[in-house]
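Me: I would like to learn how to read a model of this kind, feature by feature. Please take me through the one shown here.

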Amino acid sequence: MDTKADTISYKTNDIKITVENISSGGTLPGPAAMIQLQGDINIFSAKKLKDTFNEAIEKEIYILLIDVSGVKGMDSSGIATFIGAQTRLNKIPNAGLVLHSLTPQIEKMLELTRLKALFRTAQDLSAAIRLFSA
């Protein structure tokens, strides 16, 4: 898997978002982006995250591999942002998002809200890629 030079980072008081477009050399069914999140996903940072997802989708990047290992906390607006992106991607063939490298707190929150079944999750980036290659 090769990465392209177009890496973009956004930073607010609450979250840092790094987006790296990747070329999978045929491993994935289409263009993909690795999105790394660090900080808190809350009412203040969720808008920037939503904008980031929408920008990728508008650029026809339909596979979002989202690293949440650096997420310290997430409220309902963060959950809504992920649900919105997943809903939008569900309408596109071979598209979707995978949350990977979940912290115990994020995994427990997804289980308690019964949302874990809604999202594809993976232990790490390699496992996330395998979900799309299978």
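Me: What pLDDT does the protein chain average?

Reply: pLDDT is the predictor's confidence in each residue, from 0 to 100. The chain averages 90, and 93% of the residues score at least 70. Over residues 1–5 the value is below 50, and this stretch has 14 contacts in the model beyond near neighbours in sequence (a contact means heavy atoms within 4.5 Å). Where pLDDT is low, the predicted coordinates should not be read in detail.

Me: Where does UniProt place the STAS domain?

Reply: The unreviewed UniProt entry puts "domain: STAS" at residues 34–132. UniProt positions are given in the numbering used here, feature names are shortened, and annotations may be inferred rather than shown by experiment. Over residues 34–132 the chain is 45% helix and 28% strand, with the end C-alpha atoms 13 Å apart. Helices (H or I, at least four residues) and strands (E, at least two) are DSSP runs, numbered from the N terminus.

Me: Which residues of helix α3 are buried?

Reply: Buried means under 20% relative accessible area, exposed over 50%, and partly exposed in between (1.4 Å probe, protein chains only). In α3, residues 104–112, the buried ones are I106, M109 and L110. They lie on the same side of α3 because they cover an arc of only 100° around the axis, the arc being that of the directions from the helix axis to the C-beta atoms. P104, K108 and L112 are exposed on the other side of α3.

Me: What do the buried residues of α3 pack against?

Reply: Their packing partners are β4 (63–74), α2 (76–90) and β5 (96–100). Just after α3, R114 has a positive phi of about 60°.

Me: Is S45 buried or exposed?

Reply: S45 is buried, because its relative accessibility is 0%. Its place is in the loop between β3 (32–41) and α1 (46–58). Leaving out residues up to four places away in sequence, S45 touches T12, D14, I15 and D40.

Me: How many salt bridges does a search of the whole structure find?

Reply: Side chains of opposite charge can pair when their charged atoms come close. A salt bridge is a side-chain nitrogen of Lys or Arg within 4 Å of a carboxyl oxygen of Asp or Glu. The search finds 3. One of them joins K47 to D51, with the closest N and O atoms 3.1 Å apart. K47 and D51 both lie in α1, 4 residues apart, about one turn of the helix. K47 is exposed at 57% relative accessibility, whereas D51 is partly exposed at 26%.

Me: Which residues are joined into one network?

Reply: K116 meets E107 in a salt bridge of 2.5 Å, N to O, and K116 meets E111 in a salt bridge of 3.8 Å, N to O. Through shared partners, E107, E111 and K116 form one network. K116 is partly exposed, with a relative accessible area of 23%. E107 is partly exposed at 30%, and E111 is partly exposed at 45%.

Methods. Residues numbered from 1 in each chain as written. Predicted model: local features only at pLDDT ≥ 70, side-chain atom pairs only at ≥ 80, totals over all residues. Heavy atoms only, no water.
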